[in-house]
Amino acid sequence: MTTHDLPVIAAVDGSTHSWQALDWATHEAERRRLPLLIVHVRPLTRTADEETQLREADELLAEAVRRSEALAPALNPSTLAPLDFPAAALVSLGRDASMVVVGSRGLGGFRSLLIGSNSLATASMASCPVVVVQDGGPGEDDRPEEAGASSDIVAGVAADESSEAVLEFAFATAATRPGARLRIVHGWTMFSSMLAGGPVFDRETAADSARRGLAELTSGWQERYPQVEVVREPVNGSASRTLVTASATAALTVIGRRRGGESLGLGLSPVAQTTLTHALGPVAVVPC
């Protein structure tokens, strides 16, 4: 199996959030012409006997397949029901996946929490991109081009080479969506300009420096994806606040995280974690 054939994994547990994640993953697998693998992790902490667990898992996965096939009849998804801790299983499976798609909260999650621990852990540790499907933003139950919702992809980038993986994922995603714009967003402040060796007191010069830096960072990508309309948005303000605001009108917001996370939250920067927990639509977390 080549890299281009690696499946989209959709994690389901019967919660409303996981059904939303399945719908999103189904559409994305169809767009990218990739296999879809629907996974229900049977938790190690449950008290039910194995036979009951397996029966419940089979029923849940059968329902998930029916739902997916109703959205994309030609997709023919496969299923898997490992016995493991949910995040551990998804991180392991993600080593051979193009992406893992999870809901923002699963069954048993406290409604006061903006994102569940399993979703956060998977996004923090997986070696492939993880898409967390949040409530509130433009939905995937109807395709944006059909429902009239925004089809923009938003990519949050830093002013360094760590953004290459974010740009690659964002451009590839936008390329599968006819008419989608890619908004490349970079939040800057006078303090961040100073840290980057730029001007400290001259706001206009700092703004011009941010514009030039963003142009240099994204040069070459337009030639690789000429079908994608690109809008570069250097914004004077907090990076996380800028991305959360942009997520309200985006079909997907793409952010990066450093590789090598081995415990909850370790791989997420403050900007990434704030964006992930407060975004108003689906967020893709890409290892950089």
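Predicted model: local features only at pLDDT ≥ 70, side-chain atom pairs only at ≥ 80, totals over all residues.
Student: Among contacts between residues at least 6 apart in sequence, what percentage join residues at least 24 apart?

Tutor: Start with the contacts in the chain whose partners sit at least 6 apart in sequence. Then keep those that join residues at least 24 apart, and you get 77%.

Student: Is α1 parallel or oblique to α2?

Tutor: Look at α1 (residues 16-32) and α2 (residues 50-71): their axes come within 10 Å and cross at roughly 45 degrees. Angles under 35 degrees would count as roughly parallel. The crossing angle is roughly 45 degrees, so α1 is oblique to α2.

Student: And is that crossing of α1 and α2 left-handed or right-handed?

Tutor: On the α1 side the contact uses W19, L22, D23, T26, H27 and E30, and these meet L60, E63, A64, R67, S68 and L71 in α2. By class, that contact has five nonpolar, three polar and four charged residues. As for the hand, α1 passes α2 in a crossing that is right-handed.

Student: Which residues of helix α11 are buried?

Tutor: Helix α11 spans residues 270-278. Cover for its buried residues includes α4 (117-125), β5 (130-133), α10 (239-247), β9 (252-257) and β10 (283-287). Under 20% relative accessible area counts as buried, and the α11 residues in that group are A272, T275, L276 and T277.

Key
Residues numbered from 1 in each chain as written. Heavy atoms only, no water. Contact = heavy atoms within 4.5 Å. Axes fitted to C-alpha atoms, helices over the stretch in contact; angles between N-to-C directions. Helix = DSSP H or I, 4+ residues; strand = E, 2+ residues; numbered from the N terminus. Parallel < 35°, antiparallel > 145°, perpendicular 65-115°, else oblique. Left-handed = near helix turned anticlockwise from the far one by under 90°. Nonpolar A, V, L, I, M, F, W, Y, C, P; charged D, E, K, R; others polar. Buried < 20%, exposed > 50% of the residue type's maximum accessible area, 1.4 Å probe, protein only.
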